[in-house]
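Hi everyone, thanks for coming. I'd like to walk you through one structure today, so please have a look at the screen with me.

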Amino acid sequence: MIPSPRRHRLAAAASLVLLACAVHAQTSDPAAPNSPAPIIERQAPPRPGTRPAAAPVVSKPASEPAAQPSALTAELFYEILMGEMTTRSGDPGAGYALVLDAARRLRDGKLFQRAVEIALQSRSGDAALAAARAWQETLPNSRDARRIELQILIALNRIGETAELLRAEVAATSQVERPMLMAVIVRNYSRATDKKLAASVVERALADELKKPATGGLAWATVGRMRLNAGDTSGALDAAFKGQEIDPASEAPAALALEMIDPSQPLAEPIVTRYLASNPKASPDLRVAYARVLVENRRFADSTAQLQALTTARPELAEPWLLLGSLQAQARQDAAAETSLKRYVELASSQKDAKDSDDRQRGTTQAYLVLSQLAERRKDFTGAERWLARVDSTDDLAVAQTRRAGLLARQGKLPQAREVLRGLPERTPEDKKQKFLAEVQLLRDAKQYQAAYDMLTQASIASPNDTDLIYDQAMVAEKLNRLDEMERLLRRLIELKPENQNAYNALGYSFADRKIRLDEARTLIQKAVQLAPQDPFIADSLGWVEFRLGNTTEAIRILEAAYKTRPDPEIGAHFGEVLWSTGQKDRAVTIWKEALLSDAENETLQETLKRLRVKP
C-alpha cells in the first residue's frame, strides 16, 4: 500500500520528536560551559546524504548506574509532535509556541534550538530572540544559548545590547580558542550598520582583556580592526601600538599595522619592523605579506631584502623564492633570478598538499613565464620556448601564447607572431582588448610605429574614451615625432582620468627632455609624484627636470635614490649624465656599465652614450 502524504508527514514529525527525546535522555543541555564549539557561529549541519558513523558496540559495565527516567510525558510528547506538524503544515507561529513551551518544561537545549530555527524560518527575528533568551534564562550555563542570542542581536542590528553577552563569551573561551574568537567577532560585528557603535561595543566587551599582558596584544588588535572598519585609521593605529606595547611577542598588532602601511601613515610600518626584529621566529606568512606590501608601494629593494632574509632563514619554504626571483628578474639580476625561480619550481613540485594545489599551479606558471623571459633576454629562444611549453594551465595559455608571439617577433617573424595573437580566443570583451593591445605592443617593439598608430587610431574611433587606448596612442605619436598630437592626447587623458599619474609624468617628461616649458614640466611631474610617491620612474622624471632647470645637486639626490630603488638602465642613463656633467666621470661610467649589463639595447642609454661620445 502506498502511504498517504499525511502519513508521510506524521512519520517525519514522529522521527524528529523521537530524536529530540533521545537527546533529552542523554543530557538536558548539550553545550557544556567548556564546549570547544566555534564561538558565535554555529557549525554547519552534515551534508545531505551523509550517514553518521555507527557507534561501536561496547559491553555495559556492571557498575553502570541505571538509566534515569525521562521527564518526557505523553502530554509533552504530543505537544512536541503537534508543534512539528503545525509548523510543517504552514502555521509556524503555533508550532513555535508549542515547541518553545515544551523546551521550557523539559529544560532541553535541543528543543530551544528548534524553536529558534522555526522562528528564523518564518522570518521572525523577535520571536527567535525571545526563544534564545528563554533558553538563556532556563539554562544559564548554556554557551550555545548565548552564542545564538548574540547572532540574532547582531542580525537585528541591536548591537548595543550585545556587550555583556560578548564579555561573558570571551571570559568562557580558552586561550587556545581566542584567535578564532577574535576573528569571528570582527567578521560578525563588521556587518553592523553603525560601525562606530560596533567598535565601541567590542571595546567595552574586551575591557578586561585589554589590560592583561597575556591577552592584550590580540584584544587591542581586534579593537583596532573594528576601528579600521569604522573608518578610524588613526584610532586603529593607536590600538596596534598599544597592543604591541602590552605584548611585544603578539603577531596580531603587527598584522593589523601591516594593513595600514602607506605614505600617509608613517607610524604603521615601525610596528611591523619592530615585531620582525624582536621575534626571529615570526610567522613566515607575515614576512611574505610585508614583502608584498613593499612591492605594492614600489619599494622593490626593501622587499628583496625581506625575502632574502626569509629564504636564508627558511630555505625550505617555496613561496618566498618565487617572489624573490620575480623581483630579481625585474631588477635585471638575471642569474640570481634564475636560481631563485628554479629553486621555487623544485620545492613546489615536491609538495603534495592538495589544499594548496591551485596556488602552487599559479605560482609554477608564473615561474615558467619569468624563466622564459630570462632565456629570451640572453637570446636563448629555444630555451625560452621550452619553458613556455611547460605551461599547461588552461587559464594561462593566453599569457603563454602572448609570450610565444613575442619570441617570434624577436626572431624577425612578425607576421607569424601576429597570427599567434589573432588565434587567441575572445571569451570576453576584455580578452579582445588584451589581444589588441598585445599586437600593438609587438608592432612597437618591432619599431613599426605607423602601423601601431593606425591600429590605435581605428580602435579609438569605436572607443573614444578608452584611457588605455589614448595613452598608448600618445606614446606611439611621440615615437613618430607628432608631439602636438601626443600632448593633445595626454591632456585628453588627464581630463578623463585626473588620477592617472602616467599621463602627468609622460607629458612633463616630454617637456623636460625637449628643454621646453620646464616650470610646467616640473608642476606636471610633481603632480605625478603626489599620485605615486614611491614610483622610481616618476622620480627619475623629477630628477631629470631638476637637471634641466639647473638644480644639479637636487637632481643627483633624486636620481641616486631612484636608481638605488630600481637600477633600471633608463634611470641609470639619466643619473650617469648628471654625474658626468658635474665632473664625476668615473662614477658616471660605472653607472653606465651597470646599465649596459642590465640592457645593452636600451634606447635612452644608447642615445646618451652616443651623444656624449662615451664608450664605457
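Let's start with R299 and ask which residues it touches, leaving aside its neighbours within four places in sequence. In this predicted model, R299 is in contact with E269, Y290, L294 and Q534. To find R299 yourself, go to the loop that runs between α15 (284-296) and α16 (300-313). Now look for P536: along the chain it lies 237 residues apart from R299, and yet the C-alpha atoms of R299 and P536 are separated by 8.7 Å.

That brings us to contacts in the whole chain. Counting those with a separation of 6 or more, 55% are between residues 24 or more positions apart. The chain has 33 helices and 0 strands, and of its 616 residues, 46% count as buried. As for the surface, the chain exposes about 32,100 Å², with carbon and sulfur atoms supplying 53% of that area.

Is α17 largely enclosed or largely open, and why? Well, 10 of its 12 residues are buried, so α17 is largely enclosed by the rest of the structure. Among the buried ones are P320, W321, G325 and Q328. And what covers them? The cover for the buried residues of α17 includes α15, α16, α18 (334-350) and α19 (357-377).

One last stop: after α17 comes R332, which has a positive phi, near 65 degrees.

How values were computed:
Residues are numbered from 1 along each chain as its sequence is written. This is a predicted model: local features need pLDDT of at least 70, side-chain atom pairs count only at pLDDT 80 or more; totals for chains, interfaces and linings use all residues. Side-chain values use heavy atoms; hydrogens and water are left out. Helices (H or I, at least four residues) and strands (E, at least two) are DSSP runs, numbered from the N terminus. Buried means under 20% relative accessible area, exposed over 50%, partly exposed in between (1.4 Å probe, protein chains only). Contact means heavy atoms within 4.5 Å. Accessible areas come from the Shrake-Rupley method with a 1.4 Å probe; for residues, only the protein chains shown count as cover.
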